[in-house]
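Thanks for coming, everyone. I'll talk through side-chain contacts and a pocket. Have a look at the structure first.

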Amino acid sequence: MTTDVDVCNLALARLGDARISSMSDGSAQAAYCTTFYAHTLKELQTDYDWQFCRKLATATATTAPAFGYSAAYTLPADFLRLLRVNGIDEDENFGKWEIVGATLHTSLTAPIQIDYIANVTTVTLFPPVFTELFSLKLAANLAMPLTGSKELFTQIAEAFAANLQRPSVKQLVMTSARERTAPSTSVDELCRQAILRLGTADQFGSSTQAQLLAQSLYPQVRDALLLTGSWTWAMKSTTLTADPLAPEFKWDNRFALPSDCLRVFRVDDTLAESNEEDWEVAGDYLLTDATSTAPDWKTGRTYAVGNAVAQSGTVYRCLAAHTAGTFATDLAAARWAAWTGDVLAIEYVSRVTDPAKFDSLFIDLLTANLAAKLAVPITGDAGKAKLYAAEAENLLKNPAMRRDSTERRSRVRPAWLNSRLVAQRAIGGIP
């Protein structure tokens, strides 16, 4: 059975030095081996992702940090280096966690599951190729104090470097395939995906700064992209009631737009693209002479302040946001009041802030556009900015994008389809 003394004697043999019988036999060799052994072992295990050193653990919460992250967790006693936290690799860590002293600081939700490199001290667990490398590295550290020979030190260091290239060593440090936890669709995750398009965390200095920059640009990029198409999941329809203060000239009414309105798509039956001075948007208001019929009140529907409904021949205006129960109950709770003014029905592109509602095409476009914005400030590479801007342009030409942007639009039947020639061909002949 291989022991720590056996490893030391392998190292001493490379130096042509005497063997030891134990780590405390009183010899100079034993004294130097005791000095260098534990340190050299930790150094070698920390430098590479040895499969036999990998461990999984659930971290234990400790006193929360004074500022910054919301929680702190105690690291295992045998901890050397962190590989992954809750499925986030160390080279994908953009402000999600950091190690401070002997604790892990993060705002990730518990339980905190970590993959880490542990300090394995049981020699019988060392693979033979690791034992060989360990004895070489230990011999290199012992060379100068025991022999004073720089030449011998150089020879052993070269032997160590050569052994690192062996296929068996590469196999022992090769990343193991494992099922990754599917990341939640969140703003943090989308920002992280955009940054990862540009490179890994260790290329950007402070990864936290990269994440903060991405988050600051995110709302602008998201809203600009929402405006590029009539995304079906971002479309909303609602009714508005006329503002008591009418426009000073030109229009009869003004209607306050919903707070989440990015672009008016349709007013009553008039699409924005076919609007010939039937209405216009001025600031937070829509100005028009048009009016609509209030829709019938429906139980279970969510209403916002200003919505209008028809109930038993009377039009009512919503006074408090709510989900409809029974009309009599809601009316008694002062959620509705009779309305005699004008009503307008609109359809609009809304500001969707919940990333869980984004479809895959939108996420691709969003992360590509965000990567283009981040490229220069994070990497200083204008070429990458152009690359991801071009990728976003190509994604906009995707047939799925074209369908999503047009499938809600009314389609006009071409005049030629109504011609006598087409009609006669359709029934099987031309007179």
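Let me start with a definition. A strand here is a DSSP run of E with at least two residues, and strands are numbered from the N terminus. A lining residue has an atom within 4 Å of a point of the pocket. Keep in mind that this is a predicted model.

Now the pocket. Which strand gives the most to the lining of the largest pocket? Strand 9 does, with 6 residues. The volume of this largest pocket is about 620 Å³. There are 30 residues in its lining, and the closest to the centre are Thr238, Thr239, Leu240, Ala304 and Asn307.

Next, charges. Side chains of opposite charge can pair when their charged atoms come close. How many salt bridges does the count come to? The count is 16.

Take one of them. Arginine 197 and glutamate 391 meet through their side chains, at 2.8 Å from N to O.

Lysine 250 and glutamate 280 form a salt bridge, 3.3 Å from N to O. Lysine 250 lies in the loop between strand 9 (235-241) and strand 10 (253-256), and glutamate 280 is in strand 13 (residues 279-282); the two are 30 residues apart. Glutamate 280 counts as partly exposed, with 30% relative accessibility.

Now look at aspartate 330 and arginine 335. Their side chains meet in a salt bridge at 2.7 Å, N to O. Aspartate 330 is at 2% relative accessibility, so it counts as buried, the cut-off being under 20%. Arginine 335 is partly exposed, at 29%.

Salt bridges can also be linked up. Arg84, Asp89 and Asp115 make a network of them.

On to the rings. Searching the whole structure gives 19 aromatic pairs. In one of these, the ring centres of phenylalanine 79 and tyrosine 116 are 5.9 Å apart, and the planes are at 35°, so the pair is tilted. Phenylalanine 79 belongs to strand 4 (residues 79-85) and tyrosine 116 to strand 8 (residues 113-118), so the pair ties together parts 37 residues apart in sequence. Phenylalanine 79 is buried at 19% relative accessible area. Tyrosine 116 is buried at 4%.

Tryptophan 233 is in the loop between helix 7 and strand 9, and phenylalanine 358 is in the loop between strand 20 (343-350) and helix 9 (360-379), 125 residues apart. Both tryptophan 233 and phenylalanine 358 are buried.

Ring pairs link Tyr37, Tyr48, Trp50, Phe52, Phe126, Phe130 and Phe134.

Last, charges over rings. Arginine 254 lies over the face of tyrosine 285, 3.8 Å from the ring centre. Arginine 317 lies over the face of tryptophan 339, at 5.8 Å from the ring centre.

How values were computed: Residues are numbered from 1 along each chain as its sequence is written. This is a predicted model: local features need pLDDT of at least 70, side-chain atom pairs count only at pLDDT 80 or more; totals for chains, interfaces and linings use all residues. Side-chain values use heavy atoms; hydrogens and water are left out. A salt bridge is a side-chain nitrogen of Lys or Arg within 4 Å of a carboxyl oxygen of Asp or Glu. Helices (H or I, at least four residues) and strands (E, at least two) are DSSP runs, numbered from the N terminus. Buried means under 20% relative accessible area, exposed over 50%, partly exposed in between (1.4 Å probe, protein chains only). Rings of Phe, Tyr and Trp (its six-membered ring) pair if their centres lie within 6.5 Å; planes under 30 degrees apart count as stacked, over 60 as edge-to-face and the rest as tilted. A charge sits over a ring if NZ of Lys or CZ of Arg is within 6 Å of the ring centre and within 35 degrees of the ring normal. On a 1 Å grid over the protein atoms alone, a cavity is a set of points where a 1.4 Å probe fits but cannot get out, and a pocket is an open set with protein on both sides within 12 Å along at least five of seven lines; lining residues have an atom within 4 Å of a point. Grid points are joined across faces, edges and corners, and a volume is the space filled by probe spheres set on the points.
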